[in-house]
Amino acid sequence: MPGTCVIGLQWGDEAKGKLVDILTENHDIVVRYAGGANAGHTVVSAGQTWKLSIIPSGILRDGVACVITGGVVLDPAKVIDEMDGLEARGLRMEGRLRISDRAHVVFPWHVVEDRLLDGSLSGGGVIGTTGRGIGPCYRDKVGRALAIRLGDLYRPDFREKVAHVVDFKNRLFASWPAGTAAPLDAAEIHTRYAAYAERLRPHVVDTTAFLLDAVEDGRRVLFEGAQGALLDIDHGTFPFVTSSNSSGVGVASGSGVPSRWVNRVIGVLKAYSTRVGGGPMPTEQDNPTGVHIRERGREYGTVTKRPRRCGWFDAVAARYSARLSGVDELAIMLLDVLGGLDELRICTAYEIDGRRTTQFPSQIGDLERAVPVYETLSGWDEELDTVRREGDLPPAARRYVDRIAELVGRPVTIVSIGPDRAQTIIRAPEATRRPWHPSLPTNA
Ligand code: IMO
Ligand code: MG
């Protein structure tokens, strides 16, 4: 019963979609279990480029069942849009896509609140959300009184529920300065969402029951992570995080499938760091190195088109998020992007207030003051895009990958050197599997 998880170990955009597409071949079911339309996954499959946000990347392969579980916050308009786009390109959704009736639904009020609250952190900080209503929808889910789940859209009291929430939200909006939030029209929203519900009806099921049956029957399930571990609501760089458990610890709660059914966790890392939105990023390079990485890596957001902040690989952060996510092995993505730099740096420790540490801080203020301690490795000039075997990588590139494995404490089993499936080097996991060996220097 191989259950496999693909978890981003940085701040998202680690090219998880490409990996999921490759692994799908060996699985029967692909599951999206957290987040919502804030995710943006680009997959190049058979020479075609696909941009997915909420539908699992497994949809690109015939015969694979795709599941969106109750841990996801679902914007029905966005899902329908995505379904239409995929169908227009010849893919069939019928009988292949299941959506949980437990998923909480994103409504227009969530999007309004997301816009208003994003810049309202105490002290004036801006999270820089994707503006998709993700945080406010999760907040209403936890708050319960104003929450509406997908299954509710098919009940006789759906109209009443919308009226109840709109009445409350309109009183809240009225307390904000004039012009910031127009009053909502309950009838219009009800009509629109009832139409969405009809369109989605054939897909809406109890996915927890479906998945529990599937794993108990020995079907092979692939869990497709969205976002990255450092954006985890409980364990990430709070408050500059997303609103779900995006690290490995969120798989069971988001999907309803307990971790006893998972036997392989792959942590996905870019060969460097990127971050989009606000919050500290100790290794950020706001200089020509950062520009080199951004341009070669085409580091612009899939969802929001924002230029991503780019910097050196941060082994302190990666080791933390790999341990947190229970990672067995690592995939290093976008290694080709680092070509053409004379020297490469890897952050191996932080100096915080003059004290050197390899422990990732739990408090944002400490991370903001963290000064990276770097180790320098030599770069390479060769283009890697045509490399197909590990042995053909330039020695400097191999040393770089090996050093990441050593510092993070897990073997690297997959190296990606371009967006195409063929641009992937797979190393046998058996040959490299070994016990956890924390090899960062201990705290000084
Ligand atoms: P994928 O799946 C990168 C970031 C946003 C913002 C913060 C909170 O493509 O890796 P939210 O809209 O979730 O409330 O925004 O989280 N963020 C992502 N950054 N990749 C993602 O997803 C992200 N999803 C959210 O930029 O800083
Ligand atoms: Mg993305």
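What is the handedness of the crossing of H2 and H6? The crossing of H2 and H6 is left-handed, a term that applies if the near helix is turned anticlockwise from the far one by less than a right angle, and right-handed if clockwise.

This is a predicted model, in which local features need pLDDT of at least 70 and side-chain atom pairs count only at pLDDT 80 or more, while totals for chains, interfaces and linings use all residues. Residues are numbered from 1 along each chain as its sequence is written, chains are lettered from A and ligands numbered from 1 in the order in which they are written, and side-chain values use heavy atoms, with hydrogens and water left out.

Helix H2 (residues 76-88) and helix H6 (residues 186-200) have axes that come within 10 Å and cross at roughly 45 degrees; helices are DSSP runs of H or I with at least four residues, and strands are runs of E with at least two, numbered from the N terminus. Axes are lines fitted to C-alpha atoms, for helices over the stretch in contact, with angles from 0 to 180 degrees between N-to-C directions. H2 and H6 are therefore oblique to each other, given that angles under 35 degrees count as roughly parallel, over 145 as roughly antiparallel, 65 to 115 as roughly perpendicular and the rest as oblique. For helix H3 (residues 108-118) and helix H5 (residues 158-174), the axes come within 11 Å and cross at roughly 25 degrees, which makes H3 roughly parallel to H5.

Ligand 1 has 20 residues around it, of which Asp-13, Lys-16, His-41, Thr-130 and Thr-242 come nearest; a residue counts here if one of its heavy atoms lies within 4 Å. The table gives polar contacts, pairs of N or O atoms within 3.5 Å.

| Residue and polar atom | Distance to an oxygen atom of ligand 1 |
|---|---|
| Asp-13, backbone | 2.7 Å |
| Asn-38, side chain | 2.9 Å |
| Gly-40, backbone | 2.9 Å |

The protein covers 98% of the 560 Å² of accessible area that ligand 1 has on its own, by the Shrake-Rupley method with a 1.4 Å probe.

Two backbone features lie in loops. The peptide bond from Phe-238 to Pro-239 is cis, with omega near 5 degrees, and Pro-239 sits between strand S10 (221-228) and helix H8 (250-255). Ala-46, in the loop between strand S3 (41-45) and strand S4 (48-52), has a positive phi near 50 degrees.

Notes: Polar contact = N/O pair within 3.5 Å; in protein donor to acceptor, adjacent residues only side chain to side chain.
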